[in-house]
Amino acid sequence: MHQSRQAELPVGSGEWLLAVIGAVAAQPPLCPPQKVSLRERRAAMEAQLRSSGLAYGTGAQDPAVELDAEAAPGERAFAHFVAGLVRLCTSAAAMSHARWFVAGPPAQVGVRARRAQLLAVLAAAGGDAEAAARLFSDPTAIPNPLEKLAEKTAARLSRRYLAAGGPFAGLPLHNGLCAVEVRCCATIALASFQHARISPGAVVLTARTTLRWRTLLVELLAGLARAQENGSASERGFEQVIRSQRLPVREARALRRALSLPREVEQVAPELHSNALRRFMLTHVLLAALMDGRFEAAEVAFVERLARVTGVDGAALAQLEAEVWEFYGAHKDALAALRLAEAPEGLPHALTTRLEAAVLDNLDRLLQEIRETRELGELLAKAAGGGTLSREEKSKVRQQLIDLAKTIPALAIFAAPGGMLLLPILFKLLPFNLLPSSFVDPPPPPPALPEPRRTSG
């Protein structure tokens with residue numbers, strides 16, 4: 001279906017889902033010159049997850065989506081999330097040199113086959129492994145279960161991840177569950193396009209792993225909520241999300257148990273057995289702590305405690321913050337949907353508040369480093385005094401602040417492309433009168449008094 005018809009279709013319907021998949025399938029990414037290794041594919045997928053926002057359970061604006069101007073924030077977030085999900089699966093196919101994703105097949109046949117196989121991956125992630133396997137193996141067959149499978153898949157996705165009436169409820173659990181869904185689909189896509197088939201047995205194993213990720217996420221977010229001043233409201237929101245999804249009984253029971261009886265982070269840590277899982281959980285706990293626009297002392301302690309028991313040092317934790325800042329700084333529309341507000345102010349405020357605290361807590365050490373790094377002090381003083389830094393000078397400031405992050409990890413946020421927007425905070429906090437006098441322009445001398453005139457007398 002042509003992309004321009006999307007705005008006329010109900011978001012979350014089977015027809016709409018096929019239209020979005022078709023728009024992505026019409027212009028798939030170019031395959032690399034050679035099929036890349038599984039390790040390289042996984043690394044590329046991880047990078048795409050972060051750059052697209054899917055790692056955070058949301059999605060940047062996607063050209064495959066066309067929506068009515070009156071669409072609610074929840075509809076917009078859901079639509080771009082689905083398009084990003086499809087695009088991620090397409091990348092897995094391209095990197096695997098999958099048959100229908102390499103150059104060669106006739107245009108219309110190729111689009112139809114790609115659309116069928118991408119839908120099959122989404123359907124498999126939703127539990128329709130047998131039907132998905134048949135469609136994947138013969139994507140050009142006529143007739144095929146395409147429309148029926150699209151309706152079932154769209155119904156499941158919209159039931160779990162679409163809040164058509166307005167803002168999402170119970171964030172940040174909603175976005176965390178979206179992000180788990182993304183990883184489930186990515187895992188199935190990597191395996192299916194590599195082996196040119198969908199294995200129902202492998203899908204079952206992936207589903208078990210996915211449920212474990214969801215359960216651990218709920219447990220950690222529940223633990224964080226119990227450290228918050230108003231954590232009971234968060235817990236009620238989490239319960240609302242779990243209830244609204246109408247999950248299978250076994251899964252709903254597991255999530256409710258994790259919510260009501262969360263273990264200490266030291267007990268959870270041994271089950272975070274991979275770098276990807278540790279990074280995922282820490283990222284979403286960090287997001288949950290930041291999303292209300294405040295970073296309470298108890299929240300800071302919980303995040304740092306989780307980082308410590310999972311072997312993540314301060315610099316790596318600050319780098320996670322920098323990546324979050326980078327994405328939401330560039331995609332304020334995604335932040336608006338996540339924040340349940342028209343103005344996306346909460347996350348930047350929380351991050352800058354954390355940076356302020358880090359600077360003030362380490363002020364003596366930071367001033368000493370600046371004194372020893374003479375050029376940095378001179379450039380900061382110049383900018384704080386109203387001077388304009390050249391592009392080369394800004395680059396020097398950024399690099400030297402990143403170097404300082406080795407001793408003051410929170411400064412790693414300046415590694416993000418948008419991190420230099422935070423420089424005014426440093427200008428406000430650093431007492432430049434405490435820096436060596438040669439770092440600032442000396443005050444102009446007072447005007448000389450005129451010589452007293454001699455008067456006759």
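Q: What share of the residues in the chain is buried?
A: In this predicted model, buried residues account for 52% of the 457 residues in the chain.

Q: And how many helices and strands does the chain have?
A: The chain has 20 helices and 0 strands.

Q: Let us turn to helix packing. At what angle do the axes of α8 and α12 cross?
A: The axes cross at roughly 35°. Helix α8 covers residues 200-225 and helix α12 covers residues 275-290, and their axes come within 10 Å.

Q: Is that crossing of α8 and α12 left-handed or right-handed?
A: The crossing of these two helices is right-handed.

Q: Which residues meet there?
A: On the α8 side they are Trp213, Leu216, Leu217, Leu220, Leu221 and Leu224. Their partners in α12 are Ala276, Leu277, Phe280, Met281, His284, Val285, Ala288 and Ala289.

Q: How do the residues of that contact divide into nonpolar, polar and charged?
A: The contact of α8 with α12 comprises 13 nonpolar residues, 1 polar residue and no charged ones.

Q: Which lining residues are closest to its centre?
A: Arg42, Glu46, Arg183, Thr187 and Leu190 are the closest to the centre, out of 22 residues that line the largest pocket.

Q: Which elements give two or more residues to that lining?
A: Those elements are α2 (38-52), α7 (173-195), α8 and α12. Helix α7 gives the most, with 9 residues.

Q: On to the backbone. Where is there a cis peptide bond?
A: A cis peptide bond joins Ile142 and Pro143, with omega at about -5°. Pro143 belongs to the loop between α5 (129-137) and α6 (146-161).

Q: What is phi of His97?
A: Phi of His97 is near 55°, which is a positive value in a residue other than glycine. His97 sits in the loop between α3 (73-95) and α4 (107-125).

Q: Why does His97 count as partly exposed?
A: His97 counts as partly exposed because its relative accessible area is 27%, and that class runs between the 20% and 50% limits.

Q: What about Ala196, which phi does that residue have?
A: Ala196 has a positive phi of about 60°, although it is not a glycine. Its place is in the loop between α7 and α8.

Q: Is Ala196 buried or exposed?
A: Ala196 has a relative accessible area of 56%, so it is exposed; the cut-off for that class is over 50%.

Q: Back to the interior. Where does Thr153 lie?
A: Thr153 lies in helix α6. This threonine is buried, with a relative accessible area of 5%.

Q: Which residues is Thr153 in contact with, leaving aside neighbours within four places in sequence?
A: With those neighbours left aside, Thr153 is in contact with Leu17, Leu119, Leu122 and Ala123.

Q: Changing topic: which loop holds Thr58?
A: Thr58 is in the loop between α2 and α3. At 5% relative accessibility, Thr58 is buried.

Q: How far apart in space are Thr58 and Ala77?
A: Their C-alpha atoms are 6.7 Å apart, and the two residues are 19 residues apart in sequence.

Q: And where is Val65 found?
A: Val65 is found in the loop between α2 and α3. Val65 is buried, with a relative accessible area of 12%.

Q: What distance separates the C-alpha atoms of Asp313 and Pro409?
A: The two C-alpha atoms are separated by 8.6 Å, and the residues are 96 residues apart along the chain.

Terms used: Residues are numbered from 1 along each chain as its sequence is written. This is a predicted model: local features need pLDDT of at least 70, side-chain atom pairs count only at pLDDT 80 or more; totals for chains, interfaces and linings use all residues. Side-chain values use heavy atoms; hydrogens and water are left out. Axes are lines fitted to C-alpha atoms, for helices over the stretch in contact, and angles run from 0 to 180 degrees between N-to-C directions. Helices (H or I, at least four residues) and strands (E, at least two) are DSSP runs, numbered from the N terminus. A crossing is left-handed if the near helix is turned anticlockwise from the far one by less than a right angle, and right-handed if clockwise. Contact means heavy atoms within 4.5 Å. Ala, Val, Leu, Ile, Met, Phe, Trp, Tyr, Cys and Pro count as nonpolar, Asp, Glu, Lys and Arg as charged, and the others, Gly among them, as polar. On a 1 Å grid over the protein atoms alone, a cavity is a set of points where a 1.4 Å probe fits but cannot get out, and a pocket is an open set with protein on both sides within 12 Å along at least five of seven lines; lining residues have an atom within 4 Å of a point. Buried means under 20% relative accessible area, exposed over 50%, partly exposed in between (1.4 Å probe, protein chains only).
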